[in-house]
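I opened a new notebook page for this chain. Here is what I looked up, entry by entry.

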Amino acid sequence: MDPAALGGANYLADLTSFASPTKFDSYVEMMLEEWKNREKNKILFQAKEGGWEIGAIQKAFEDLEKEGSAGMETSIQADLIRMAERPFEPMAHVPGVSTGLNALDKLLDGFQPAELIIIAARPSMGKTDTLNHFALHAGVAGYKPIIFSLEMSKVSMIDRLIAVTGRYNRLRMRDPYQHFTEKQKSNWMPTLSELATTNIHIDDRAGLKVSQMRSTARKIINTDPHLKPIIFIDYLQIIQGEYPKNNRTEVVGQISNDLKQMAKEFNCPVVCLSQLNRGVEVRDDKRPVMSDLRDSGNIEQDADVIGFLYRDDYYDKDTEKPNVLEINIAKHRNGPTGTVAVRYVKETGVLYNIDWNAERLA
């Protein structure tokens, strides 16, 4: 055989009649789709053999969809061109999701998209009431609050939300027929109607994994995509790890990382409550610090904002500052830190703005 027949310019020229350069991207997509289908079958086989849970299968499929994604622009040149006029044009200020607390909004500029916010405190300090306050104000502002209540039942959460909205004493809420005044009874339906406008969703399943939360949140978001979501979780230490056989520090570290990734995926704030260790109780000054975060230093690393709750009247019934809840923003990746104070009425769970500032709390 003539060696020239095995290659050369003429051979390369003939190839153009068998392939279309304009259809190259389509060929790549076809091959990628075939590869993904084979990988899906492998995942299903492994899931069947290994007895995977549904959340783990969904996560594997999600990771597969991200593989081989073409067309992502990584060069910054186009971004720089778009920024050319930035110093010469007024910039529209877009605040984050309002917390409903003036001093806290001033400090944080609201809860920002794609950020993980950790609110930590000792038990009975007011964590769940603070979460409910944030969720209600987000709903009133036109967002879609999604609450994962891993500890408290949906009925109990709804009762707390009703108490806050209607300013009802929670003890009276146990038997409204017997303990409500006529005025409170007449305000009952308007209170329920007001709460209904907040678009709050509550998932109270116990032992959820972050992958299951992501799946549920995605379904809720897709039912009404024009409403921007904000996700609340009560609380971090009772979230189930994807790999529970690992040591506790690794499990909590993976959970905090997964929560941050969820915030980025949905481009929304994720506000998660957290417990503190008992070291707080043995100190003279019982205001929490970073090292009090329970189980893992990864929480401190992954969170964009960390806030600690503290009440003097929890430890000292004769304090000069009764019903005052301090919110100490100890970490703020993209802004200032500091302490703000709000009025906290434990009987109703309501948080009010007050005119105190951080300097007067010392």
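I start with a cut-off: a residue is exposed when its relative accessible area is over 50%, and buried when that area is under 20%. Values in between make a residue partly exposed. I also note that this is a predicted model.

**Entry 1: a nonpolar patch**

I looked up Ile76. Its relative accessible area is 54%, so Ile76 is exposed. I found Ile76 in the loop between α3 (54-66) and α4 (77-82). Then I asked which residues make the nonpolar surface patch of about 300 Å². They are Ile76, Leu80 and Met83.

**Entry 2: Glu53**

Next I went to the loop between α2 (24-50) and α3, where Glu53 sits. Glu53 has 46% relative accessibility, so I log Glu53 as partly exposed. I also checked Glu53 against Glu242. They are 189 residues apart along the chain, yet their C-alpha atoms are separated by 9.8 Å.

**Entry 3: strand β4**

Is strand β4 (residues 229-234) enclosed or open? Six of its six residues are buried, so the rest of the structure largely encloses β4. I checked both faces. Pro229, Ile231 and Ile233 are buried on one side. Ile230, Phe232 and Asp234 are buried on the other.

Then I looked for partners. Strand β2 (residues 144-149) pairs with β4 in the parallel sense, over six bridges. In that pairing I found Lys144 opposite Pro229 of β4. Strand β5 (residues 270-275) also pairs with β4 in the parallel sense, over three bridges. Here Ile233 stands opposite Cys272 in β5.

A reminder to myself: most peptide bonds are trans, and most residues other than glycine have a negative phi. I searched for exceptions.

The end of β4 gave me one. Asp234 and Tyr235 are joined by a cis peptide bond, with omega about 0 degrees. I placed Tyr235 in the loop between β4 and α13 (248-266).

Ala114 came next. Its phi is positive, about 65 degrees, and Ala114 is not a glycine. I found Ala114 in the loop between α5 (102-108) and β1 (116-121). Is Ala114 buried or exposed? Its relative accessibility is 17%, so Ala114 counts as buried.

Asn199 lies in the loop between α11 (188-196) and β3 (201-203). With a relative accessible area of 33%, Asn199 is partly exposed.

Definitions and conventions:
Residues are numbered from 1 along each chain as its sequence is written. This is a predicted model: local features need pLDDT of at least 70, side-chain atom pairs count only at pLDDT 80 or more; totals for chains, interfaces and linings use all residues. Side-chain values use heavy atoms; hydrogens and water are left out. Buried means under 20% relative accessible area, exposed over 50%, partly exposed in between (1.4 Å probe, protein chains only). Helices (H or I, at least four residues) and strands (E, at least two) are DSSP runs, numbered from the N terminus. Two strands pair if DSSP finds at least two bridges between them. Patches are made of residues with over 30% relative accessible area and no salt bridge: like charges are joined within 9 Å, nonpolar side chains (Val, Leu, Ile, Met, Phe, Trp, Tyr) within 5 Å. Accessible areas come from the Shrake-Rupley method with a 1.4 Å probe; for residues, only the protein chains shown count as cover. A salt bridge is a side-chain nitrogen of Lys or Arg within 4 Å of a carboxyl oxygen of Asp or Glu.
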